[in-house]
Amino acid sequence: MHSELPCPMKFSCPQTNFNSHFSLVSRAVPSRPSKPVLGNVLVTASEETQKVTLVGFDETLGIQSTFPAQVEIGGALTLPAKLLGDIVSRLPNEDIDIAEDDDEPVVTLSCSAGRYQVRGLSAEDYPSLPEIESAETVNLSADSLIEGLRGALFATSNDETKQVLTGVHLTAKAQSLEFAATDGHRLAVVQTIDDSGTSTATEGMKVTIPGKALRELERILQAYPGGDAIAFRLDQTQVVFDLEQQRITTRLLEGQYPNYQQLIPNKFERQLTLDRKQFVSALERIAVMADQRNNIVKLSLSSEQQSLALSVEAQEVGSGLETLPAQVTGEDLDIAFNVRYLLEGLKALPSTEIQIQCNTATSPSVLTPLGSVKMTYLVMPVQIRS
């Protein structure tokens, strides 16, 4: 618990700073908090370090962010996330003064535009973020981490009843970390190299981290790009990501993650290579028509024509057909997919050319980038009703 109570807190800082850090931690504040104090952000100012630390916490996901400020008097108070966030985001881009009342938990925000008073709640009732004592540490460069998240996060499930599938499954291997995500219809697997050489993760370590926390992590990494190694520590139930100004903590997901390696076929009878951007553009155009018919697009492989045809027949609405050049090996095949699954996978593949491998119209197909990141995207076809 937090005990800095006696003096009323007082500090000033640029509006842009307070606003960006406040809106970041507010993302961990629950929309329907189980107790009133969790609807607030914990604000702690330190005279010693001349820094302000903000915390948002929904008892599963916690986000902490620290930034420099001119702290006259240190202290701690929790303030309503939505209300204060809405006020601060609209204040002019200049220094704002924030001062707590002497005798009640109210702060006054002052700037050239005027002043606002906002009532808070005592910091004493705010739960502490979980600490991890005996933990494994994994160090990964920010680039590798972004690569792993970009290649896997999109394939997680949104279905809360399949809790373990709403997260990304991480497996530590010798000198690499494998990210995997599946929603039951598709599977994305990315292997990133641990190039820092400082990882203490035990080989074979397996954990499933909630997608919600990883999306926040990805957002922070993109907003504050620092090419340094990111350290994350984990024990049996929690993981903590330590960044320069931020810390994210979240509970791990429980349950057995599916043995996804079994799903990936060992050999393929058909293979095609084509330009990724051309394929994405054609799919985006034909998706307009597919939208009229369950989002399904038919792909026709022709080895004689060395082409891939995309087609949609939407009864009573019309039809669409596009043909792309492709290097095709194996016999001709008609196979159908959910167009959204194809597009999301292709946008995550980081290469100019991609390879599609498949066996039959009903067995899984695998998409891989050519000559870059080690990534596998498996997608189940949809049966075509004639």
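Student: Is Cys 13 buried or exposed, and at what relative accessibility?

Tutor: This is a predicted model, and in it Cys 13 counts as buried because its relative accessibility is 1%. The other cysteine to consider here is Cys 111, which is also buried, with a relative accessible area of 17%.

Student: How many disulfides does the structure hold?

Tutor: In general, a disulfide is a covalent bond between the sulfur atoms of two cysteines. The structure holds zero of them.

Student: Turning to the strands, how many residues of S16 are buried?

Tutor: Strand S16, residues 238-242, is mostly covered, since four of its five residues are buried.

Student: Which strands are joined to S16 by bridges?

Tutor: Strand S15, residues 229-234, runs antiparallel to S16 and is joined to it by four bridges, with Phe 232 standing opposite Phe 241 of S16. Strand S17, residues 246-251, is likewise antiparallel to S16, here through five bridges, and Val 240 stands opposite Thr 249 of S17.

Student: How many residues lie between the strands of each hairpin?

Tutor: S15 and S16 form a hairpin with three residues between them, and S16 and S17 form a hairpin that also has three residues between its strands.

How values were computed:
Residues are numbered from 1 along each chain as its sequence is written. This is a predicted model: local features need pLDDT of at least 70, side-chain atom pairs count only at pLDDT 80 or more; totals for chains, interfaces and linings use all residues. Side-chain values use heavy atoms; hydrogens and water are left out. A disulfide is a pair of cysteine sulfur atoms within 2.5 Å. Buried means under 20% relative accessible area, exposed over 50%, partly exposed in between (1.4 Å probe, protein chains only). Helices (H or I, at least four residues) and strands (E, at least two) are DSSP runs, numbered from the N terminus. Two strands pair if DSSP finds at least two bridges between them.
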